[in-house]
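Dear colleague,

I am handing over the structure below, and I would be glad if you could look through it alongside these notes.

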Protein chains: 2
Amino acid sequence: MGPGAAMRPEGAERSAVVIAETVRRAAALAGVDLPAARLVVGAAGAGRAQERRELEAALLAHGVARRTRATSDGEIALAAAFGKEGGGRDGAGIFLNAGTGSVAFARDPEGRVHRSGGLGWQLGDEGGGYWLGRRALQAAGRATDGRGEGSTLLSRLLAALGLTDFGALIRWAALASPAQVAALAPHLLNAAREGEAVAQRSVEEAARELVALVGALARHFPEPEPLAVATGGGLLRPTSPLLAAVRAALAADLPRAQLARRTVDAPLGALRLAAEME
Amino acid sequence: MGPGAAMRPEGAERSAVVIAETVRRAAALAGVDLPAARLVVGAAGAGRAQERRELEAALLAHGVARRTRATSDGEIALAAAFGKEGGGRDGAGIFLNAGTGSVAFARDPEGRVHRSGGLGWQLGDEGGGYWLGRRALQAAGRATDGRGEGSTLLSRLLAALGLTDFGALIRWAALASPAQVAALAPHLLNAAREGEAVAQRSVEEAARELVALVGALARHFPEPEPLAVATGGGLLRPTSPLLAAVRAALAADLPRAQLARRTVDAPLGALRLAAEME
């Protein structure tokens with residue numbers, strides 16, 4: 001899990017620098033000597049064979065591991081969700097992740113990988129943390145200037161940010177980073193859990209957006225067979241009202257979906273792939 | 001029209017520095033000798049009497065004008081819309097502005113000024129340029145990964161930005177400033193004008209958001225009397241499909257509104273107020 005390691009065509013060395021630095025930091029934290037025996041990297045943009053080989057060669061040259069395997073972030077996520085023990089036939093299924101952003105990956109019955117969403121905070125990521133944080137801010141604004149119904153969101157956000165009044169929140173929001181806005185999402189989830197109507201509607205709308213990511217991938221699976229769906233990410237933890245809303249929206253819109261009980265962490269997929277390396 | 005001149009409590013000197021510099025630049029461009037005879041400043045946050053006096057004193061000390069008048073941005077906008085020649089009784093009415101952001105100001109029949117919206121690109125500004133530019137990006141994303149209906153928006157945005165493919169747009173959007181995203185709005189308006197369904201729906205939704213700003217202020221005017229409404233800003237120019245949609249939404253939601261034929265430019269209000277200075 002490193003920053004800015006997404007790979008562009010002919011960008012293997014640039015990605016490798018970032019990844020090698022992340023590996024060195026992680027190894028130092030974990031007390032692991034380098035080079036490691038095996039390194040599995042899942043990077044956005046590293047799905048094609050040529051990019052994979054270039055990234056593996058560049059990583060070997062950095063000397064952080066004796067053997068490397070590069071693949072896409074989607075492969076890692078799907079390995080976490082549908083590795084040997086889960087999923088439909090041949091590890092097929094759809095993995096839906098909602099954290100700061102939102103994305104879904106599918107492995108179809110022929111083994112091909114597809115994705116929808118994951119387009120970033122301004123272009124997409126509907127139903128993710130930034131999207132929900134923005135909803136919380138906007139609901140507070142609508143309530144305050146009389147356009148929307150009353151809401152406890154303003155006082156929740158002020159308390160969370162240590163601000164005293166709405167004017168301070170306006171100034172905060174003008175400069176807040178995507179990560180800072182996404183960090184507001186749990187307060188909206190709490191409000192929804194406690195029955196606030198405005199927050200509950202936002203959660204339901206987020207769930208519809210997330211299920212749309214799954215729906216866009218369902219066409220790769222033959223109807224009417226059951227479709228394995230797994231979830232992960234900070235917003236879809238077991239007790240999250242967003243997970244409950246996703247469950248309800250899936251039942252309504254995509255009844256052949258079979259939602260896994262356990263949520264999964266995508267990084268576990270890298271460990272699973274590493275264990276499979278010969 | 002200067003950057004970052006919004007006034008905070010006890011921030012008169014800080015605002016005055018920015019405003020004086022802006023005045024010096026404008027005077028140099030216009031070939032006007034300073035100090036000017038009269039200076040009218042409309043600054044967000046300068047609506048209250050104490051802030052006004054402090055800002056006027058600070059501006060005088062900077063020596064850019066022999067006499068100054070400070071007031072709020074809303075007063076300026078309302079003077080542009082409902083100065084001597086327009087508006088309801090006593091210059092009362094509502095001025096709706098849509099540019100990069102969105103805001104509405106009202107002067108009620110008792111002369112009090114109210115506002116709704118204008119809360120900034122992340123917290124509010126629904127129906128403004130940033131909001132519409134984001135809709136254009138998201139519609140392109142939904143069409144591309146199969147969640148939404150087909151749209152010409154992707155090819156329009158790529159052409160406008162000089163980009164070659166969707167991946168380049170994803171990277172652009174991750175780093176684009178609010179102003180850069182707002183600059184995409186005209187392409188969505190063009191698509192709507194040419195009949196594209198996705199763009200037309202976005203324009204209609206934007207119009208409902210803008211009319212909600214007006215609706216929140218209508219409660220300050222006694223029913224059922226007619227309510228003068230004027231519009232301004234780059235997105236509500238006379239031929240804009242957004243202005244046509246606002247006209248339709250006002251007729252449906254707020255039938256007592258009487259929409260002025262001409263759109264107005266808020267800075268003209270400052271000139272009007274300057275002409276009234278004794």
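What follows is a short account of what was found.

This is a predicted model, in which local features need pLDDT of at least 70 and side-chain atom pairs count only at pLDDT 80 or more, whereas totals for chains, interfaces and linings use all residues. Residues are numbered from 1 along each chain as its sequence is written, chains are lettered from A in the order in which they are written, and side-chain values use heavy atoms, with hydrogens and water left out.

Chain B superposes on chain A by a rotation of 180° with 0.1 Å of shift along the axis, at an RMSD of 0.1 Å (least squares on the C-alpha atoms of residues with pLDDT of at least 70 in both). That is the relation of a two-fold axis, and in chain B the C-alpha nearest this axis belongs to Gln122(B), at 5.3 Å.

Asp125(B) has a phi near 60°, a positive value in a residue other than glycine, and is buried at 11% relative accessible area (buried means under 20%, with a 1.4 Å probe and protein chains only). Asp125(B) sits in the loop between strand 5 (113-117) and helix 4 (129-144) of chain B, where helices (H or I, at least four residues) and strands (E, at least two) are DSSP runs numbered from the N terminus.

Two cis peptide bonds also deserve a look: Leu34(B) is joined to Pro35(B) with omega about 0°, and Glu223(B) to Pro224(B) with omega about -5°. Pro35(B) lies in the loop between helix 1 (12-30) and strand 1 (36-42) of chain B.

Best regards

Technical notes: Buried means under 20% relative accessible area, exposed over 50%, partly exposed in between (1.4 Å probe, protein chains only).
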